[in-house]
Amino acid sequence: MRIKRSCYNQDSINAGTTILTSKPFAHILKSLFRNERCDHCLESGKLFKCSVCQYVYYCNRNCQKEAWSIHKIECPNLKKISPKIIPDAARLMARIIIKLHQGGGEEMGYYTEKKYRKFKDLMSHYTDIKNDAKRMEHFISLCAVLFAFLENIPLPNSAELMGIYGRICINSFDILDLDMNSIGVGIYLAPSVIDHSCKPNAIAVFEGTTIIIRTLEDLPCLNWSQIRISYIDILNSTKDRREELKKSYYFLCDCQRCIQPEPMATAAACPNTSCTYPNSSDATECQKCHEKFPPNFKETFDEVTEFSAHHLQNMKNMAYLDVSKICLKKQEGVLHAFNIQYVRTLEAAFEASVRLLSWEDAEYYGQRLLPGYLLYYEERYPLTGLLYLQLGRIQLHLNKAKQAYDSLRKAQSLLTITHGEKSTLTTENLKPYLYRSIDIIKNL
């Protein structure tokens, strides 16, 4: 683990500074990717299967060796339940139990030179979990799996098991690949000290399973009580963000963004197409240009909102271009350009276009999506930088080298802050495309 010296001596911290790196206390590869990625380092590529359990894959002997202290316990159990696939949450719980049996409870994750966290220091929200019917149902089902799975080691008592479960619910990080897709889940001791904000001043990114905390803005000093990351996707209305945080983490967010008015998130479009004022859906005329809304506009707005919500929910795991286009057609002239549903629908259309290799559509929807990302994520956020990077790649496919260069330069300025100049994302994903665009322009 690497720690930046705590700056209570008032040393300033620049945006794009790595303030903490940490290896996981325990982690799992999501079972969805178990045939595609190394079970230890989570990298994709050439893999070989564990000869005993025939369940996990490794990229090399070194990864297998590093994973052995935990895997030697779970290996015969995975073989025993084959061909069943153990739920991800149960496997993470099992790995934590195994590690605690091996003395892992004494492992310390330092976030300053002297301050650290052990696993027992992580918040479990024991009482909240116990009063949460849905989580208790999940916990009971996981316990049944664990009793069948871990026959060769004694399990903690029910209170201790619930404490472990609670610490996973409250403290786990999704481990992300270079495209910010979740491929695993990990418990990280030191980073668990960081609180949430819907307007974060830091970001968690990953190199393999290593978590890296980087600053998104200039700070007067490194005061861990003031460092904030976002626990959730912040491209949502205040109401939806607060509900998600309350449901998942048991607190009501009162960050700067949550206490300020948010007129764009659920806004209606002005009937005057040249006016961009965000109106309420029950307005009878635009508050800025005074253009009259059509009769029954509120009913139309509610119908479009309900229709969009239904299809966006259905497209949560897989976006469809034709469905996205239908939604966008219905939203035209009804939802404001910064209405969350409109931005999410553009996002679905963009993702579907990329998956279908429909580059003209992808460029069109990506460019229309950018203003929404810049508003809700702001510039210094990984997903904004990644959108610029994707646009640059797409424009190269379309032989638009000059536009690609501009997009990739913007991606570079943002991703250098969020990921760093020497990150794999920058060196292997961004720079080759940037250099390619420069070469093409030189030869024009």
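# Close-up views of a predicted model

**View 1. Strand 9 and its two partners.** Strand 3 (residues 26-29) and strand 9 run antiparallel and are joined by 4 bridges. Strands are DSSP runs of E with at least two residues, helices are runs of H or I with at least four residues, and both are numbered from the N terminus. Two strands pair if DSSP finds at least two bridges between them. Leu29 has Gly184 of strand 9 as its bridge partner. Strand 8 (residues 173-176) also pairs with strand 9, again antiparallel, over 4 bridges. Here Ile175 stands opposite Gly184. How much of strand 9 is buried? Strand 9 (residues 182-187) is mostly covered, with 5 of its 6 residues buried. Buried means under 20% relative accessible area, exposed means over 50%, and partly exposed lies in between (1.4 Å probe, protein chains only).

This is a predicted model: local features need pLDDT of at least 70, side-chain atom pairs count only at pLDDT 80 or more, and totals for chains, interfaces and linings use all residues. Residues are numbered from 1 along each chain as its sequence is written, and side-chain values use heavy atoms, with hydrogens and water left out.

View 2. Most residues other than glycine have a negative phi. Met180 is not a glycine, yet its phi is positive, near 65°. Met180 sits in the hairpin of strand 8 and strand 9, which has 5 residues between the strands. At 18% relative accessibility, Met180 is buried. Gln54 also has a positive phi, about 60°, without being a glycine. Gln54 belongs to the loop between strand 4 (48-49) and strand 5 (57-58). Gln54 is partly exposed, at 44% relative accessible area.

**View 3. A cis peptide bond between Ser82 and Pro83.** Most peptide bonds are trans. The bond that joins Ser82 and Pro83 is cis, with omega about 10°. Ser82 lies in the loop between helix 1 (61-81) and helix 2. Pro83 lies in the loop between helix 1 and helix 2. Is Ser82 buried, partly exposed or exposed? Ser82 is partly exposed, with a relative accessible area of 43%. Ser82 and Ile28 are 54 residues apart along the chain, and 18 Å separates their C-alpha atoms.

**View 4. Arg135, buried without a salt bridge.** Arg135 is part of helix 4 (residues 133-149). Arg135 is buried but has no salt bridge. A salt bridge needs a side-chain nitrogen of Lys or Arg within 4 Å of a carboxyl oxygen of Asp or Glu. Which side chain of opposite charge is nearest to Arg135? That side chain is Asp132, 4.7 Å away. For charge, Lys and Arg count as positive and Asp and Glu as negative; His and the chain ends are not counted. The side chain of Arg135 does make a polar contact with the side chain of Tyr250, at 3.0 Å. A polar contact is a pair of N or O atoms within 3.5 Å; within protein, one must be able to donate a hydrogen and the other to accept it, and residues adjacent in sequence count only if both atoms are side-chain atoms. Beyond neighbours within four places in sequence, Arg135 is in contact (heavy atoms within 4.5 Å) with residues including Tyr165, Cys169 and Lys247.

View 5. The structure holds 19 salt bridges. In one of them, the side chains of Glu106 and Lys118 meet at 2.8 Å, N to O. This pair links distant parts of the chain, with its residues 12 apart. Glu106 is exposed at 53% relative accessibility, whereas Lys118 is buried at 12%. Another salt bridge joins the side chains of Lys239 and Glu243 (3.0 Å, N to O). Why are these two about one helical turn apart? They are separated this way because they lie 4 residues apart in helix 6 (residues 238-249). Lys239 is exposed at 55%, and Glu243 is partly exposed at 43%. Arg344 and Glu347 also form a salt bridge with their side chains, at 2.7 Å, N to O. Arg344 is buried at 17% relative accessibility, and Glu347 is buried at 11%.

**View 6. The largest nonpolar core.** This core has 133 residues, and Ile96 and Trp224 have the most contacts inside it. Helix 10 (residues 340-355) gives the most to this core, with 8 residues. A nonpolar core is a set of buried Ala, Val, Leu, Ile, Met, Phe, Trp, Tyr and Cys residues joined through side-chain atoms within 4.5 Å.
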